[in-house]
Amino acid sequence: MTAEQILKKYGIKKTVCRKCILDKLIESENTALTESEITDAFADLFDRVTFYRSLKTLEESKVIHRIVLNNTSVKYALSEHLVLAKVHPHFHCTICDKVTCLDSSFLDKEVDFPAGYKVESAQILLEGICADCQKK
Ligand SMILES: [Zn+2]
Ligand SMILES: [Zn+2]
């Protein structure tokens, strides 16, 4: 899918900034990027307010999702790459710091929550060494 198709599918108005963010995330496939990795490509094109507003819109519309690492660094990934854009685990390589979305269905099972509880988000982070780093 192209950035245009994704924005259309989610019913979000196309802006140049939103398109740039999506293009960058599409290009990175299922590897999550930090804000600066996303902006690097077009840092001079937009002011920070525009960038953050666009990022927030995309996140609120569930086009992208954030992954928080160790409560300090935040990365963003496109939800579109996932067959099931639901709760899924992330893999964090402790050597190169790469974060990838894992499409895992073992989390789709029904979980018995206490009555009245409603889960709105979850963070499942697996840490280890990615394939590239193991080759080194
Ligand atoms: Zn690695
Ligand atoms: Zn993810």
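**Notebook: strands, helices and a salt bridge**

I started with strand β4 (residues 90-93), which pairs with β6 in the parallel sense over four bridges. For the record, pairing here needs at least two bridges found by DSSP between two strands. The strands are DSSP runs of E with at least two residues, the helices are runs of H or I with at least four, and numbering goes from the N terminus.

Before going on, I noted that this is a predicted model, where local features need pLDDT of at least 70 and side-chain atom pairs count only at pLDDT 80 or more, while totals for chains, interfaces and linings use all residues. Residues are numbered from 1 along each chain as its sequence is written, chains are lettered from A and ligands numbered from 1 in the order in which they are written, and side-chain values use heavy atoms, with hydrogens and water left out.

**The sheet with β4**

Back to β6: I found C93 standing opposite G128 in that strand. The open sheet here has three strands in the order β5-β4-β6, and its pairing is mixed. β5 (99-101) and β6 (125-128) are at the edges with a single partner strand each, so one side of each has no neighbour in the sheet. I get an average twist of 25° from one strand to the next. Angles are taken between N-to-C directions and run from 0 to 180 degrees; axes are lines fitted to C-alpha atoms, for helices over the stretch in contact.

**The sheet with β3**

Next I looked up another open sheet of three strands, ordered β1-β3-β2 with antiparallel pairing. Here β1 and β2 take the edges, each with a single partner strand, so one side of each is left without a neighbour in the sheet.

I checked β1 (residues 33-34) against β3 (residues 73-78) and counted two bridges, antiparallel. L33 has Y76 as its bridge partner in β3.

β2 (residues 64-69) also runs antiparallel to β3, over six bridges. In β3, I64 is partnered by L78 and L69 by S73. What do β2 and β3 form together? They make a hairpin with three residues between them, and N70 in the turn has a positive phi of about 50°.

**Helices on that sheet**

I then followed α2, which lies across β1, β2 and β3 and runs at about 85° to β3. α4 packs on the sheet too, touching β2 and β3, and its direction makes about 100° with that of β2. Contact means heavy atoms within 4.5 Å.

How do the two helices meet each other? Helix α2 (residues 16-27) and helix α4 (residues 48-60) pack at about 65°, with axes 9 Å apart. I looked at which residues touch: C17, R18, I21 and L22 in α2 meet a set in α4 that includes F51, L55 and L58.

**A salt bridge**

Last, I went through the salt bridges (a side-chain nitrogen of Lys or Arg within 4 Å of a carboxyl oxygen of Asp or Glu). I get eight of them by this rule. One joins the side chains of K14 and E4 at 3.4 Å, N to O. It links distant parts of the chain: K14 is in the loop between α1 (3-9) and α2, E4 is in helix α1, and they are 10 residues apart.
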